[in-house]
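Student: Before we look at the model, could you explain how the terms used for packed helices are decided, and then apply them?

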Amino acid sequence: MILTNINRMGKRLGVFTALMFWVFGGLQAQNTNTEVAITLNQAIEMALANNPQINRALLAIDDADELVNIARSEVYPDISSSINFTRNIEAAPQFLPNGLLQLFNAGDPSKPNDALLPVNFTQENNWQGGFSVVQNLFKGEALVALKSSAVYRKVQEEAYRSTSQQVITQTRVAYYAVLAAQEQLRLANAQIRRLETNLSENEARAKAGIVDDYAVLQLKVQLSNQKPQQIEAKYAVEKAYRELKVIIGIPISFDLSVKGNLNEFDILSDTVKDPVNSDLKQIDQMNPYTFTNTVIDSASLAENRGDVRVTEAQLRLKDKEILAVKSRFLPTLTASYNLQWFSQESGSPTFFEESNRIQTLGVNLNLPIFQGFSRTSELDRQKIQYKDIEEQKRMTILMAQNEVASASEELDKIFETASARKQALEQASIGYDRAKKRLENGLGSQLELTEAEIQVREAEVNYAIMVFNYLTAKANYDMATGMVPFVDTTN
């Protein structure tokens, strides 16, 4: 599967490949003045490579990897080094009793013994440098943090998976919306062509005296009423394309087209009549839907739904956070080692020509006894947050069950009406052909042809809308059950 059976390098390579496809494809389109036609499968791949939400989810995983490294640093030794040089321009003296100084022949006999005399012990140059090592021997919070960071990464992976499900579903719906808008425009153009043909023929009949001018006027009124709908349909296509481009993460100015024909898509058949719909049918059948009233249980939703799996991962992370707070009640044990050199000298510095060295090794045990009630309150807060996430998960499952039921009902309704819609389209087409022949042979009227034409257009529109509603409901059903195409449901 695309999402979980590739490593991180593969993901980055996929992004690079997708971007190169668009760059070179765009250059080719500019050079040849032709559109780049894409299938639904390609649109999904581009969305997985370029959608900003997907890229942000990948960055969150990268950030989680860095947090793992930060957590590991708590169990590694902390090694530091420092060096310090001080030049005493005017050193501060120390004051000692005159009697004490006279013992070392450094006092002033003319002054009493209790008089304090300034004595300078500081040399002009002072050097000090060395290394220190601190190692945590036992720190419960650090050990828990190491495990928590791995769980946090799992949360981000589940969030990436959930985001992928959403983006794929959004891409499918946006792709179907483009096809529906194009179908509306095609039907509007076909209606215009039929009216223009009828108008031209009736104008010829009016000149021959077969029909009156009122029949011609009726067609002109119909044509005038139809042209605004054609313009609206044209702008609807442009809007649908823009929304698709935003989802798959390509520039709005990029010129592309989609492959598919809703008018030739048969939702009741496993095969396709028009090869252009093969990609639509293939993705639609990746998670087959049966016309039943089966209810998806909570276990299945928890296994497949991205948002449910995210809450489960958050619960595991919260368990670790609770354990981390509890570990603050435990003592910490650290070991330290210091190696230092120091030297003092007068005159010009000679950089440790005569230096002394000291080494120390220590073990520190810190036992927290009482720090107010901050730790107990923090522990209670973490437990409350755990219960809150449990409620979020329960609500997510309830909403998921409702979404599955709603999507199933919509699909069932469409399946029940599909045969009637298809039959109505065939009958309307036959009726229109007959009405046209009757008018051409002088047996029918313009009113009959107009009514037949309206029925054909209504049947075509209803069938296209039915197919669009089915494909959209199927995408929502896949999302509701967590069985979204190209997303591994077992990871």
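Tutor: A crossing is left-handed if the near helix is turned anticlockwise from the far one by less than a right angle, and right-handed if clockwise. In this predicted model, the crossing of α5 and α6 is left-handed.

Student: What makes α5 and α6 roughly antiparallel to each other?

Tutor: Helix α5, residues 140–208, packs against helix α6, residues 213–248, at an angle of about 160°, and their axes lie 8 Å apart. Angles over 145 degrees count as roughly antiparallel, and α5 and α6 are therefore described in that way.

Student: Which classes of residue form the contact of α5 with α6?

Tutor: The contact of α5 with α6 has 24 nonpolar residues, together with 11 polar and 6 charged ones.

Student: Why is Asn263 called buried?

Tutor: Buried means under 20% relative accessible area, and because the value for Asn263 is 17%, this residue is classed as buried. Asn263 is found in the loop between β6 (256–258) and α7 (278–284). Leaving aside residues up to four places away in sequence, Asn263 touches Glu183, Arg186, Leu425 and Tyr463.

Student: How many helices and strands does the protein have, and what share of its residues is buried?

Tutor: The secondary structure comes to 11 helices and 8 strands, while buried residues make up 39% of the 491 residues. Among contacts between residues at least 6 apart in sequence, 81% join residues at least 24 apart. The accessible surface comes to about 27,500 Å², of which 55% belongs to carbon and sulfur atoms.

Key. Residues are numbered from 1 along each chain as its sequence is written. This is a predicted model: local features need pLDDT of at least 70, side-chain atom pairs count only at pLDDT 80 or more; totals for chains, interfaces and linings use all residues. Side-chain values use heavy atoms; hydrogens and water are left out. Axes are lines fitted to C-alpha atoms, for helices over the stretch in contact, and angles run from 0 to 180 degrees between N-to-C directions. Helices (H or I, at least four residues) and strands (E, at least two) are DSSP runs, numbered from the N terminus. Angles under 35 degrees count as roughly parallel, over 145 as roughly antiparallel, 65 to 115 as roughly perpendicular and the rest as oblique. Ala, Val, Leu, Ile, Met, Phe, Trp, Tyr, Cys and Pro count as nonpolar, Asp, Glu, Lys and Arg as charged, and the others, Gly among them, as polar. Buried means under 20% relative accessible area, exposed over 50%, partly exposed in between (1.4 Å probe, protein chains only). Contact means heavy atoms within 4.5 Å. Accessible areas come from the Shrake-Rupley method with a 1.4 Å probe; for residues, only the protein chains shown count as cover.
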